[in-house]
Amino acid sequence: MSACATASQQADPPSTSFTPTSSAASSASPITVPGLSTSVSESPTPSPTPEPSTSTPEPAPETTSVVDAPDDDYTPPVEQPTPLEPVQTQDPATQAPAPAPSGGGRVVVIDPGHNGANGANPDVINALVDAGFGETKPCNTTGTSTNDGYTEHQFNWGVATKLQAILQARGYDVRMTRTSDDGVGPCVNKRAAFGNDANADAVISIHGDGDDASARGFYVMTAERAPAGAAMAAQSESLASTVRDALVNDGLSPSNHLGSGGLWKRSDLAGLNLSTRPTVMIEMGNMRNSADAALMSSSAGQQQYAQGIADGVSAYLGAG
Ligand SMILES: [Zn+2]
């Protein structure tokens, strides 16, 4: 099996626009040569009113004339600015500690956990599906919520869409396992297959936890049973620790309750047990903890989570 996916060429690298500095032209001092009276730096003044040039103007028909007045055709002489230092626009999404701003079209699959209509469709989401290693699990679940009723599927969707925007701006080919927050599913086995079929360079599954009120912080999970062999498991673990480090760098705290140092290997999660690509599942915080709930319910908090994950993905893929 291939341990290293070939970067896809289909996505364009992020474009950088080139804007010559306007000061470049004015920085060149005109040279006055005695005896030479003609200044070449002055543009000849174009005639402001283009003339119909020939013959007698006729009364213009009101709507049917196909002969354009030449207003748009006149190109005034352009002074060529001296190319000094190009000014490159900086994409706002790549500011700050973006470790590897060029995704090179590599595929990142984002899996926002659960879905908005799961709760209304128990017959669908309770159906048992393949969970890997000969086991079965329900197709999907509803997820948790804060004490104020802000749902996990909303949180997951908010972080996922923000993460998508950041990674796309960095040149990654980003694909989502679901494309709205008001549908049902997909089932966990379909979500895993989505990343496998995409030959994803990294798969990020986003969740929020519902734990004891005193528990706080995130943890990044990987499969304990190595469904695609030791080499792929090592890649997942590298992805996990790199994302953990980036989340910490971006101001978020590892869980004080579960896992160790923000990492946790699990044997019971179908999304991990069925994945053959570098995959992590992240519980971003505990929705039953008041401080985490406040952060997770806010757009700014979700942006902070997305930024941390994006920086981790960039660092991981940049090193690969
Ligand atoms: Zn969840």
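Strand 8 (219–223) and helix 5 (230–249) each supply at least two residues of the lining of the largest cavity. Helices (H or I, at least four residues) and strands (E, at least two) are DSSP runs, numbered from the N terminus. A cavity is a set of points, on a 1 Å grid over the protein atoms alone, where a 1.4 Å probe fits but cannot get out; a pocket is an open set with protein on both sides within 12 Å along at least five of seven lines, and lining residues have an atom within 4 Å of a point. The structure is a predicted model, in which local features need pLDDT of at least 70 and side-chain atom pairs count only at pLDDT 80 or more, whereas totals for chains, interfaces and linings use all residues. Residues are numbered from 1 along each chain as its sequence is written, and side-chain values use heavy atoms, with hydrogens and water left out.

A search of the whole structure finds 2 cavities of 30 Å³ or more. Volumes are the space filled by probe spheres set on the grid points, which are joined across faces, edges and corners. The largest cavity holds about 110 Å³ of space. Its lining consists of 14 residues, and Ala 223, Pro 227, Ala 233, Ser 236 and Leu 272 lie nearest the centre. Helix 5 gives the most to this lining, with 4 residues. By class, the lining of the largest cavity has 7 nonpolar, 5 polar and 2 charged residues; here Ala, Val, Leu, Ile, Met, Phe, Trp, Tyr, Cys and Pro count as nonpolar, Asp, Glu, Lys and Arg as charged, and the others, Gly among them, as polar.

The second largest cavity contains about 40 Å³ of space. Among the residues that line the second largest cavity are Asp 209, Asp 211, Arg 216, Tyr 219 and His 257. Its lining divides into 2 nonpolar, 5 polar and 3 charged residues.

At least two lining residues come from each of strand 3 (107–112), strand 5 (135–138), helix 4 (188–197), strand 7 (202–209), helix 6 (270–273) and strand 10 (279–286). Strand 7 gives the most to the lining of the largest pocket, with 5 residues. The lining of the largest pocket comprises 9 nonpolar, 14 polar and 7 charged residues.

The zinc ion is coordinated at 2.1 Å by His 114 (NE2), Glu 152 (OE) and His 207 (ND1). Donors are N, O and S atoms within 2.8 Å of the metal (3.2 Å for Na, K and Ca); water is not among the atoms, so sites may look incomplete. In sequence, the donor residues follow the spacing H-x37-E-x54-H. Distant parts of the chain are linked by the pair of Glu 152 in helix 3 (residues 152–169) and His 207 in strand 7, which are 55 residues apart. His 114 lies in the loop between strand 3 and helix 2 (122–125). The phi of His 114 is near 65°, a positive value in a residue other than glycine. Most residues other than glycine have a negative phi, and most peptide bonds are trans. The peptide bond from Gly 185 to Pro 186 is cis, with omega near 0°, and Pro 186 is placed in the loop between strand 6 and helix 4.

An open sheet is formed by 6 strands in the order 6-3-7-10-8-9, with mixed pairing; two strands pair if DSSP finds at least two bridges between them. Strand 6 (173–176) and strand 9 (263–266) are the edge strands, each pairing on one side only. Neighbouring strands of this sheet are turned by 25° against each other on average, direction ignored. Axes are lines fitted to C-alpha atoms, for helices over the stretch in contact, and angles run from 0 to 180 degrees between N-to-C directions. Strand 3 and strand 6 run parallel and are joined by 4 bridges, and Val 109 stands opposite Arg 175 in strand 6. Helix 4 lies across strand 3, strand 6 and strand 7, running at about 170° to strand 3. Helix 7 (residues 290–297) packs on the sheet and touches strand 7 and strand 10 (contact means heavy atoms within 4.5 Å).
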